[in-house]
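Biologist: Can you walk me through this one? I'd like to start with the pockets.

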Amino acid sequence: MVGKITVITGPMYSGKTTELLSFVEIYNIGRKKTIVFKPSIDNRYGIDTVSTHTGFQVKAHRITKASEILDYITEDIDAVFVDEIQFLDVQLVEIAKELVFKGIDVYCAGLDISYLENPFETTSKLLAIADEVIKKRAVCEKCGEHRATYSYKIVPDGGEIDVGGKDKYIAVCRECLKKLKG
Ligand code: ADP
Ligand code: TMP
Ligand code: MG
Ligand code: ZN
């Protein structure tokens, strides 16, 4: 038996973590053994949890390198879930391939592009090898349409890796991004 790779991507607030956690629930209801990971850099709503912007949380293992996932893999695991993959190293691609050949399903969620519109390398590479891609949209915080594909930074540049929420970023559509850029 082999597993499959699912990647959930899109801008901030598009519901990536919500969807990831709904898959965790589906596996758990089916009495499957799940394990959840997140990069330790993400300390937004708690250290040992994956959290949605609405406050829903699930216990997670913190990792600093993708290869640490392998330390937790046992015979009985059915599915592995990783949030905020944009913050993990590209080794995650090899790990995902290894896991699916062991028969484990792999679910990854993360940003496709930074606020500078640069693709995040780990997400891009996982998208290329995924069996299933779920591309989400957020509500544009300027025009209110459910078509936002960009995360726009509303504070001075803190770099392309800059953890935060509504204090730093809003979701906008292409039309509104064009206006914001002037
Ligand atoms: P992501 O992980 O993609 O950032 P989450 O799953 O953590 O998203 O959060 C999604 C939730 O964020 C939505 O269900 C909604 O309650 C809230 N939210 C806040 N701002 C927006 C927005 N601009 N568009 C859509 N949902 C938003
Ligand atoms: P989210 O997709 O679950 O909202 O989380 C995205 C995280 O990534 C959040 O901590 C902010 C951070 N981030 C960056 O570090 N750089 C960026 O360019 C963007 C858009 C977000
Ligand atoms: Mg999230
Ligand atoms: Zn808009």
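Predicted model: local features only at pLDDT ≥ 70, side-chain atom pairs only at ≥ 80, totals over all residues.

Biologist: Which residues are closest to the centre of the largest pocket?
Modeller: Met12, Lys16, Arg44, His53 and Glu84. They are among the 28 residues that line this pocket.

Biologist: Which helix gives the most to that lining?
Modeller: Helix α1, which covers residues 16-29. Helix α1 supplies 3 residues to the lining of the largest pocket.

Biologist: And how many of the lining residues are nonpolar, polar and charged?
Modeller: For the largest pocket, the lining has 10 nonpolar, 12 polar and 6 charged residues.

Biologist: What classes line the second largest pocket?
Modeller: Its lining has 6 nonpolar, 3 polar and 5 charged residues.

Biologist: Let's switch to rings. How many aromatic pairs does a search of the whole structure find?
Modeller: The search finds 6 aromatic pairs. One of them joins tyrosine 27 and phenylalanine 81.

Biologist: Why is the pair of tyrosine 27 and phenylalanine 81 called edge-to-face?
Modeller: Look at the angle. The two ring planes stand at 80°, and the cut-off for edge-to-face is over 60 degrees, so the pair gets that label. The ring centres are 5.7 Å apart.

Biologist: Where in the chain do these two sit?
Modeller: In distant parts of the chain. Tyrosine 27 is in helix α1, and phenylalanine 81 is in strand β6, residues 79-82. They are 54 residues apart.

Biologist: Are tyrosine 27 and phenylalanine 81 buried or exposed?
Modeller: Both are buried. For tyrosine 27 the relative accessible area is 11%. Buried means under 20%, so tyrosine 27 qualifies.

Biologist: What about the rings of tyrosine 27 and tyrosine 107?
Modeller: They make an edge-to-face pair as well. The ring centres are 5.5 Å apart and the planes are at 75°. This pair also links distant parts of the chain, with tyrosine 107 in strand β7, residues 105-111. Tyrosine 27 and tyrosine 107 are 80 residues apart.

Biologist: Is tyrosine 107 buried or exposed?
Modeller: Tyrosine 107 is buried, at a relative accessible area of 2%.

Biologist: Which residues form one aromatic cluster?
Modeller: Phe23, Tyr27, Phe81 and Tyr107.

Biologist: What lies over the face of tyrosine 115?
Modeller: Lysine 153 does, at 4.4 Å from the ring centre. Tyrosine 13 has lysine 166 over its face, with 4.4 Å to the ring centre.

Biologist: New topic, cysteines. How many disulfides does the count come to?
Modeller: The count is 0 disulfides. For background, a disulfide is a covalent bond between the sulfur atoms of two cysteines.

Biologist: Is cysteine 108 buried or exposed?
Modeller: Buried, with a relative accessible area of 0%. Cysteine 140 counts as buried too, at 2% relative accessibility.

Biologist: Last one. Where does threonine 9 lie?
Modeller: In strand β1, residues 5-10. Threonine 9 is at 0% relative accessibility, so it counts as buried.

Biologist: And what separates the C-alpha atoms of threonine 9 and isoleucine 134?
Modeller: A gap of 6.2 Å. Along the chain, threonine 9 and isoleucine 134 are 125 residues apart.

Methods
Residues numbered from 1 in each chain as written. Chains lettered and ligands numbered in written order. Heavy atoms only, no water. 1 Å grid on protein atoms, 1.4 Å probe; cavity = no way out; pocket = protein on both sides within 12 Å on 5 of 7 lines; lining within 4 Å. Helix = DSSP H or I, 4+ residues; strand = E, 2+ residues; numbered from the N terminus. Nonpolar A, V, L, I, M, F, W, Y, C, P; charged D, E, K, R; others polar. Phe/Tyr/Trp six-rings, centres within 6.5 Å; stacked < 30°, edge-to-face > 60°. Buried < 20%, exposed > 50% of the residue type's maximum accessible area, 1.4 Å probe, protein only. Lys NZ or Arg CZ within 6 Å of the ring centre and 35° of its normal. Disulfide = S-S within 2.5 Å.
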